[in-house]
Amino acid sequence: MTRTPFRSVFISDVHLGLADCQARYLLGFLRSMQCERLYLVGDIVDFENMAARPYWHADHSAVVAEILAIAARGTKVVYIPGNHDANVRLFAGQRIGGVEIALAAVHVGADGRRYRVSHGDEFDGEHDAPPWLLRLGDALQNVVCSGSRRVNMLRRRFGLGYVPLSIRIKQAIARARRFIEDFESRVAEDARRAGFDGHICGHIHYGRIADRDGVLYVNDGDWVEHCTALVEHADGALELLHWTGRPQSLALNPAQDLPPQALPAAA
Ligand SMILES: [Mn+2]
């Protein structure tokens, strides 16, 4: 089988140890590609959930084995822990099983662009998003729909007016949008202040490549719901892939035309 070559691959929010982890799909993706650098951008193992509801599956072991095999084949693998695997931060600076553990990293693209890479939980606002807010799409609608009936039943009982379902859905979606928008702004502003061309993160389970006034906000998504990975092509172009057994492009940010002297020396 020929593997699709990428310069770099970024994945996060895998949540091994959580029943909803899409480990099968991730295995398919990992086995379909080869890359020079693999960044694990946090929440790879969900120790937080495992402490509360112990769970593990053979596929989760297979993902760990595959990552170690990728490292053994010579790919530079960098593991940047997130909030659900925060205990791994204790090992920052160490190399375990060929995997470098770091709190954050600087990635220099093939086109010379410099990105800060971190999980992103350091950009949480004062108010954490309620967990259901992180699960957009159908899940959101289901929660709102089934909740709406009960809520309206209660409201009737207390003599309050009926709130139409459509308004409740719109309010929930507006809240989710605002949460994502605020998070992206904080990340992009921080990258701008620190002089980076962009920031690559995960955490909010919403894959995206967005140019925010010349600074790239990049989120590699998750493997609980969306099954997305961020890949860097040989020329430095970044692409967000949706994996459903074969890659499907969600977004593409072309490489930047920089004068040749700006190109970094080959690592
Ligand atoms: Mn997280």
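Which residue of β10 does Ala-210 stand opposite? Tyr-217 is the answer.

This is a predicted model, in which local features need pLDDT of at least 70, side-chain atom pairs count only at pLDDT 80 or more, and totals for chains, interfaces and linings use all residues. Residues are numbered from 1 along each chain as its sequence is written.

Some terms first. Helices (H or I, at least four residues) and strands (E, at least two) are DSSP runs, numbered from the N terminus. Two strands pair if DSSP finds at least two bridges between them. Strands of a sheet pair through backbone hydrogen bonds, either parallel or antiparallel.

**The five-strand sheet**

This open sheet has the order β6-β7-β8-β10-β9, and its pairing is mixed. β6 (105-108) and β9 (208-212) are the edge strands, each pairing on one side only. On average, neighbouring strands are turned by 20 degrees against each other, direction ignored. Here axes are lines fitted to C-alpha atoms.

| Pair | Residues given | Bridges |
|---|---|---|
| β9 and β10 | β10: 215-219 | five |
| β11 and β12 | β11: 228-232 | five |
| β12 and β13 | β12: 238-243; β13: 247-253 | six |

Ala-229 has Leu-241 in β12 as its bridge partner. Three residues lie between the strands in the hairpin of β12 and β13, where Gly-245 takes a positive phi near 105 degrees.

Technical notes: Axes fitted to C-alpha atoms, helices over the stretch in contact; angles between N-to-C directions.
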